[in-house]
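Hello,

Here is the structure I promised to pass on. Could you look it over with the notes below beside you?

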Amino acid sequence: MRTRRGRRWIRLAKRVASHVVLILACLFALFPIYFIAVTSFSALPIASITAHVLLPNPSLLTTASYNAILFHQSPSFLSLLENSLIFAGSSAAIGLALAAFTGFALSKFNFPGRRAFVYFILLISLFPSVLLVIPFYFMFANLGLIDTYLGLIIPYSAGAVVFSGILVKNYMDSIPDDIEEAALVDGMSRTQAFFRVLIPLCYPVLGLAAFLAFIGPYTDYALAHVFITSSDKWTLALGIYTLNSSDTGSMPYGLVTAFAIVMSLPIVVAYIVFQRYIVGGLTLGAVRG
Amino acid sequence: MADLRDQKLAVRLRREWPAYVYLLPVSAVLLLLNAYPIAYTIYISMTDFGTGGRGSLLSYHYIGLSNYLDTFTTGSSTFVTLVGNSFFWAGGCVALFLLVGLGLASVLNQPIRGKSIYRTLILLPWAFPAFITILVWANMWGYQFGIVNAMLATVGVAPVNWVLSTPDAAWAALFITNVWLSFPFYTVVFLATMQAIPKDLYEAAAIDGAGSFSQFLRITLPYLRPTIVFVGLMGFLFTFNNFYPIYLITNGGPGISTQIFITESYNDAFGAHGATPLYSIAAMYSVLDFLIIIALTVVVIWQTDLTRNWLK
């Protein structure tokens with residue numbers, strides 16, 4: 001009798017401990033996000049903002065920081081956003097096409113030299129991409145492409161190509177060959193079968209590849225910092241970095257966090273809408289059995 | 001025999017040639033934007049570009065392996081520090097990722113109320129681009145106005161100059177920030193792996209009188225081993241060259257006590273404060289970083305099925 005009661009106590013204690021651990025983990029995960037949100041709506045002198053974050057006073061909440069970064073900033077927020085979308089959008093489109101072709105060739109063809117090609121792209125992708133900025137700088141200076149749109153879109157497009165190509169390949173591997181063969185029996189060429197049958201089946205992974213190819217340039221500082229010299233080509237990443245390091249006025253954290261919220265918004269929305277595909281796509285390759 | 005092989009190759013080529021067409025664009029990209037720049041970096045590392053007194057685009061000379069020899073002899077203290085820091089950074093982070101990830105996954109793997117809510121909340125840091133949240137973390141570690149010091153003050157702890165005072169404080173700030181960025185991934189991966197373990201194994205163990213700790217040790221851990229090895233090694237490779245946390249939070253400081261290869265190299269070439277760009281030294285550290293990563297990858301290929309899947 002006594003032992004049974006003891007066991008029940010142990011079970012209860014275990015359950016409570018589990019919830020405590022999980023609540024602490026959630027607090028750790030959420031606190032910086034909460035900090036960003038509250039600070040962005042608080043145009044307070046910096047010294048008093050910390051107390052305000054821990055215990056927000058509703059009457060002190062304001063959208064002044066958003067107003068400042070969206071409408072009273074030079075270069076204008078719209079110009080930064082436009083440049084970021086040009087760079088990230090075109091890089092995502094080109095990167096997506098490259099990843100789709102690469103994945104198709106590696107998954108559905110057994111061509112001579114395939115093994116050598118895989119080892120070649122593996123070797124090449126091991127060079128840290130941030131450090132490619134150094135040779136790029138001289139190559140693109142020789143071509144007169146520093147501080148041009150094309151000069152950034154070209155290296156950005158190549159950024160995620162190996163990773164995305166392998167991602168698409170692994171996904172295509174899971175599509176039975178019968179499906180492609182049925183299309184061939186129906187009189188399609190292999191190219192037609194690729195575009196009309198395989199590509200639609202790969203939309204989830206292609207979406208993920210596009211997302212990854214977009215987010216790289218969208219949040220790049222290392223290359224943009226070196227390649228962009230005129231402020232009319234500045235991106236959001238350069239904007240927030242500069243704001244963060246230069247603004248020592250009365251409410252800098254308000255400006256930086258408001259910028260962070262607006263800049264993150266499209267990514268957060270995309271993440272929430274496609275969470276299943278993004279989490280599934282990125283973790284699937286890591287789960288081994 | 002050789003004839004037969006040639007014939008087989010010809011048949012294979014006739015059937016498989018479109019693959020080359022599909023790989024043409026990506027091959028062009030990889031050659032021009034990866035292979036050539038890597039070769040160019042190796043070349044620059046063998047010149048006096050930036051160190052010869054004239055940091056101009058046109059006046060530098062081939063000097064062979066002098067930069068490397070200098071680094072291994074007279075400048076070896078910097079080199080040893082960089083090696084130590086890079087391995088400490090990657091190894092320390094991976095140890096924490098595995099610890100936190102395994103711990104949270106095993107708690108979440110029990111029948112517990114609100115499991116999916118916990119999982120969703122733990123995954124939320126992932127929704128934000130890392131570059132942005134690292135910048136915000138850099139503010140949170142601020143000495144005078146940072147929220148971390150403000151919270152410590154409420155329990156009576158004196159403010160810590162996280163970034164500039166001691167290497168220990170700087171590493172602590174870096175490790176905590178990077179755990180925040182990465183633990184959702186490791187938790188989800190380990191949880192997914194745990195959920196694939198057949199339940200009857202645990203039932204049988206419970207009947208045999210095994211407690212939950214020994215169940216974890218005897219069933220869960222062996223079952224997770226391939227996943228732990230795989231994500232641990234891949235995480236190590238990724239963290240070894242994870243640029244932004246260090247660049248944005250400590251930028252290698254105090255001194256060079258948190259400098260790793262990738263931040264040292266980038267700062268040598270494009271460092272702030274108008275310093276003379278040391279392109280050849282930057283290129284040399286890039287090459288050394290690359291060589292270390294290649295060696296580590298050989299270990300990964302040897303220890304895991306990484307490329308088997310790619311070659312299938």
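**What I found**

In chain A, Ala209(A) is in contact with Leu96(A), Ala99(A), Ser164(A), Leu167(A) and Val168(A), leaving aside residues up to four places away in sequence. Please keep in mind throughout that this is a predicted model.

Ala209(A) also turns up in the largest nonpolar core, which has 153 residues. Together with Val168(A), Ile240(A), Ala260(A), Leu135(B) and Ile249(B), Ala209(A) is among those that touch the most other members. Which helix gives the most to this core? That is helix H4 of chain A (residues 77-108), with 13 residues.

**The two chains together**

The contact between the chains takes 77 residues from chain A and 77 residues from chain B. On the chain B side, helix H2 (residues 18-44) provides the largest share, 16 residues. That side of chain B divides into 60 nonpolar, 13 polar and four charged residues.

Leu124(B) sits in the loop between helix H5 (115-123) and helix H6 (130-140) of chain B. Is Leu124(B) buried or partly exposed? It has 17 C-beta neighbours inside 10 Å, and therefore counts as partly exposed; a buried residue would need 20 or more. Within chain B, Leu124(B) and Pro184(B) are 60 residues apart in sequence, and their C-alpha atoms are 8.0 Å apart in space.

**Domains**

Chain A is divided into domain 1 (1-72 + 247-263) and domain 2 (74-235). The C-alpha centres of these two domains of chain A lie 36 Å apart. For chain B, the division is into domain 1 (2-44) and domain 2 (77-311). The C-alpha centres of domain 1 and domain 2 of chain B lie 36 Å apart.

**A helix pair in chain B**

Which residues of H10(B) meet H13(B)? They are Val229(B), Leu233(B), Phe236(B), Leu237(B) and Phe240(B), and their partners in H13(B) are Ile293(B), Leu296(B), Thr297(B), Val300(B) and Gln303(B).

**Places to visit in chain A**

Val133(A) lies in helix H6 of chain A. With 25 C-beta neighbours inside 10 Å, Val133(A) counts as buried. Not counting residues up to four places away in sequence, Val133(A) touches Ala222(A), Leu223(A) and Val226(A). Val133(A) and Ala222(A) are 89 residues apart in sequence, with their C-alpha atoms 7.4 Å apart.

Ile23(A) belongs to helix H1 of chain A (residues 2-40). Ile23(A) has 13 C-beta neighbours inside 10 Å and so counts as partly exposed. From Ile23(A) to Ser42(A) there are 19 residues in sequence and 27 Å in space, C-alpha to C-alpha.

What about helix H9 of chain A (residues 177-185): how many of its nine residues are buried? The number is zero, so helix H9 of chain A lies largely in the open. Just after H9(A), Gly187(A) takes a positive phi of about 100°.

**Backbone angles to check**

Most residues other than glycine have a negative phi, and most peptide bonds are trans. Two residues are worth a look on that account.

- Asp147(A) has a positive phi near 65°. Asp147(A) is in the loop between helix H6 (133-142) and helix H7 (149-158) of chain A, and is partly exposed, with 15 other C-beta atoms within 10 Å.
- Asn251(B) has a positive phi near 45°. Asn251(B) is in the loop between helix H11 (243-249) and helix H12 (261-270) of chain B, and counts as partly exposed, with 16 C-beta neighbours inside 10 Å.

Best wishes

How values were computed: Residues numbered from 1 in each chain as written. Chains lettered and ligands numbered in written order. Predicted model: local features only at pLDDT ≥ 70, side-chain atom pairs only at ≥ 80, totals over all residues. Buried ≥ 20, exposed ≤ 12 C-beta atoms within 10 Å, placed from the backbone. Helix = DSSP H or I, 4+ residues; strand = E, 2+ residues; numbered from the N terminus. Core = buried A, V, L, I, M, F, W, Y, C linked by C-beta atoms within 7 Å. Contact = placed C-beta atoms within 7 Å. Domains from an automatic or database assignment. Nonpolar A, V, L, I, M, F, W, Y, C, P; charged D, E, K, R; others polar.
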